[in-house]
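Grab a pencil, open the viewer and try each task before you read its solution.

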Amino acid sequence: CLPRYRSPAPRPWLATAVITYLQVAATVLALQYGHKDTPLPLVFLATVVLARAWFPLRFLMPGLVISLLLVVAAEVAMARGQLRYAPLLAEPVVTGRPLGWWWAIWVRVIYDIVVVFFAIALFFIFGLMERRHRELEELSRHDILTGLLNRGSFMRLLEDEFGKQLRSQRPACVMMCDVDLFKRINDRHGHPAGDAVLARLGQVLGAAVRQPIDVAARVGGEEFAVLLPETSLPAAERVAERIRALLAAETFHGEGGEFRVSLSIGIAESCDGDGEHALRVADANLYQAKRAGRDTVVASRSPAGV
């Protein structure tokens with residue numbers, strides 16, 4: 001299972017098997033040691049709580065059903081006198097005589113097997129928990145549709161990068177991009193076509209910037225931002241023109257037939273370390289590009305922020 005465990009492909013069967021094993025093993029141990037006056041039922045409850053916190057309920061159901069049947073069967077057997085309560089503790093463990101065969105087998109064979117498999121199960125459980133945590137963390141940082149960073153992650157990187165830029169005194173640029181007449185695209189061609197435009201723009205931005213130096217993000221509905229560290233204004237304008245031309249060359253399909261889209265871009269260059277002010281200047285340049293007829297790039301140097 002280890003190569004499959006390390007693979008990013010989902011494996012619900014593995015999660016179900018591990019959880020079922022833990023639940024059934026805890027139930028069997030509780031029945032053997034006494035499920036009414038020992039802490040072992042708490043172990044069973046802990047496995048249920050831990051599994052429910054990380055997995056859907058359907059993964060827990062096989063183990064819960066089997067455990068319930070085991071408890072009911074044990075209660076019936078004890079009521080009929082066919083099974084003693086807590087059979088592993090019904091006789092003293094140490095009496096000065098050699099261990100009984102049943103206890104010797106338990107101590108020397110079954111216990112070791114249970115411990116080994118329990119340790120392996122915990123290894124898989126906590127590995128799955130760590131992977132789920134990484135997946136959730138990744139989802140919290142990225143936009144699902146485009147795969148780019150979301151606004152919160154972009155703003156944190158913007159602050160960090162402009163803090164470095166203030167110390168180095170090297171230029172850095174911020175770019176704001178907006179799909180022209182995006183509402184009309186949704187109305188005329190349908191929302192799936194609009195999503196296709198945004199997804200393609202995310203791909204274009206990711207391909208046009210320097211990886212992993214530059215940072216592209218979706219900061220609004222149809223608004224995107226690009227951080228270009230150590231980039232002069234003319235260089236940023238060349239990047240913007242390439243992005244605009246790449247998107248303009250794309251042909252999309254929607255409910256109203258084939259269509260093309262255009263992009264307006266605003267750019268601001270800053271040397272004062274104020275990333276948020278540069279972002280506001282880039283946003284103002286973006287709206288100036290809109291007023292100038294769209295499908296154009298407007299760039300300027302950002303004055304000192306206030």
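A salt bridge here is a side-chain nitrogen of Lys or Arg within 4 Å of a carboxyl oxygen of Asp or Glu. Keep in mind that this is a predicted model, where local features need pLDDT of at least 70 and side-chain atom pairs count only at pLDDT 80 or more, while totals for chains, interfaces and linings use all residues. Residues are numbered from 1 along each chain as its sequence is written, and side-chain values use heavy atoms, leaving out hydrogens and water.

**Exercise 1.** Work out how Arg210 and Asp214 meet, and whether each is buried or exposed or partly exposed.

Step 1: Look at the side chains of Arg210 and Asp214: they form a salt bridge, at 2.7 Å from N to O.
Step 2: Recall the cut-offs: buried is under 20% relative accessible area, exposed is over 50%, and partly exposed is in between (1.4 Å probe, protein chains only).
Step 3: Apply them. Arg210 has 37%, so it's partly exposed. Asp214 has 6%, so it's buried.

**Exercise 2.** Find out which parts of the chain the salt bridge between Asp178 and Lys290 ties together.

Step 1: The N to O distance in this salt bridge is 2.5 Å.
Step 2: Asp178 sits in strand 1 (residues 172-179) and Lys290 in helix 10 (residues 275-291), so the bridge ties together parts 112 residues apart in sequence. (Helices, H or I with at least four residues, and strands, E with at least two, are DSSP runs numbered from the N terminus.)
Step 3: Check the cover: Asp178 and Lys290 are both buried.
Step 4: Now widen the view: Asp178, Asp180 and Lys290 are linked in a salt-bridge network. The structure holds ten salt bridges.

**Exercise 3.** Describe the surroundings of Asn285.

Step 1: Asn285 is placed in helix 10.
Step 2: With a relative accessible area of 6%, Asn285 is buried.
Step 3: Leaving aside residues up to four places away in sequence, Asn285 touches Gly266, Ile267, Val298, Ala299 and Ser300. (Contact means heavy atoms within 4.5 Å.)
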